[in-house]
Amino acid sequence: MEKVIVVYKSKYGSTKKYAQWLAEELSCDLVENKKITADKLLNYDTIIYGGGLYAGGVNGINLVTNNFDKLSNKKLILFTCGLADTTNKENIDSIKNSISKILSKEMQDKIKVFHLRGSIDYNKLNFVHRAMMKMMYNMLCKRDLETLKNDDKDLIATYGSIVDFTDKSTIKPIIEYVNKSLVN
């Protein structure tokens, strides 16, 4: 029987929510990034890592990237969590471009990547993230409405609110991928 683990690093809760849903659906172990080492991950056949997208990076991904030589013989799955609409090709292309700057070509060939949509509660943002969102909001408000993407319009419309795009049904492709790989 293959051993599966879901590891996550979550700043505001969306990634944790997805990680919990995945672990529940797969009946596997669930561990927060800071509570596991690469050596302990060696006990697993399939490693699912989840991290939030922040300024082109994936929260905590260095657990995988810094230890890729040890983990490369495992089935590796990465899920990212961010605000961008994951049904929009332009957004997915942008996320893939960011991922390509984090993962080497070898890592990209080995790690199956999925993108999930998160949430935002402006009251819970730390000072830096709050300032960044305010700056982005102000910048977008100065632009011609006709030139804005739907995500930009949504940000303006919902700025300062609690917005939750998390959706349990969106983990289905990850579950199917894991289950298919367990059979093979």
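A salt bridge joins the side chains of Glu25 and Lys168, with an N to O distance of 3.3 Å. Glu25 belongs to helix α1 (residues 14-26), while Lys168 sits in the loop between β8 (162-164) and α9 (172-183), so the contact ties together parts that are 143 residues apart in sequence. The model is a predicted one. Glu25 is partly exposed, at a relative accessible area of 42%. Lys168 is also partly exposed, at 32%.

In total, the structure holds 11 salt bridges. Side chains of opposite charge can pair when their charged atoms come close. Another such pair is formed by Lys70 and Asp39, whose side chains meet at 3.0 Å, N to O. Lys70 has a relative accessible area of 36% and is partly exposed. Asp39 is partly exposed too, with a value of 47%.

Arg117 and Asp85 make a further salt bridge, at 4.0 Å from N to O. Arg117 is part of strand β6 (residues 111-117), and Asp85 is in the loop between β5 (75-82) and α5 (89-102), so this bridge ties together parts that are 32 residues apart in sequence. Arg117 counts as buried because its relative accessibility is 15%, under the 20% cut-off. Asp85, at 22% relative accessibility, counts as partly exposed.

Empty space in the model was examined next. Rolling a probe the size of a water molecule over the atoms shows where such space is left. The largest pocket holds about 1300 Å³ of space. Its lining comprises 44 residues. Leu53, Gly82, Leu83, Ala84 and Met133 lie nearest the centre of this pocket. Several elements give two or more residues to the lining: α1, β3 (46-54), β5, α5, β7 (119-121), α7 (127-141), α8 (150-158) and β8. Helix α8 gives the most, with 5 residues. By class, the lining of the largest pocket has 18 nonpolar residues, 15 polar residues and 11 charged residues.

How values were computed: Residues numbered from 1 in each chain as written. Predicted model: local features only at pLDDT ≥ 70, side-chain atom pairs only at ≥ 80, totals over all residues. Heavy atoms only, no water. Helix = DSSP H or I, 4+ residues; strand = E, 2+ residues; numbered from the N terminus. Buried < 20%, exposed > 50% of the residue type's maximum accessible area, 1.4 Å probe, protein only. 1 Å grid on protein atoms, 1.4 Å probe; cavity = no way out; pocket = protein on both sides within 12 Å on 5 of 7 lines; lining within 4 Å. Points joined across faces, edges and corners; volume = space filled by probe spheres on them. Nonpolar A, V, L, I, M, F, W, Y, C, P; charged D, E, K, R; others polar.
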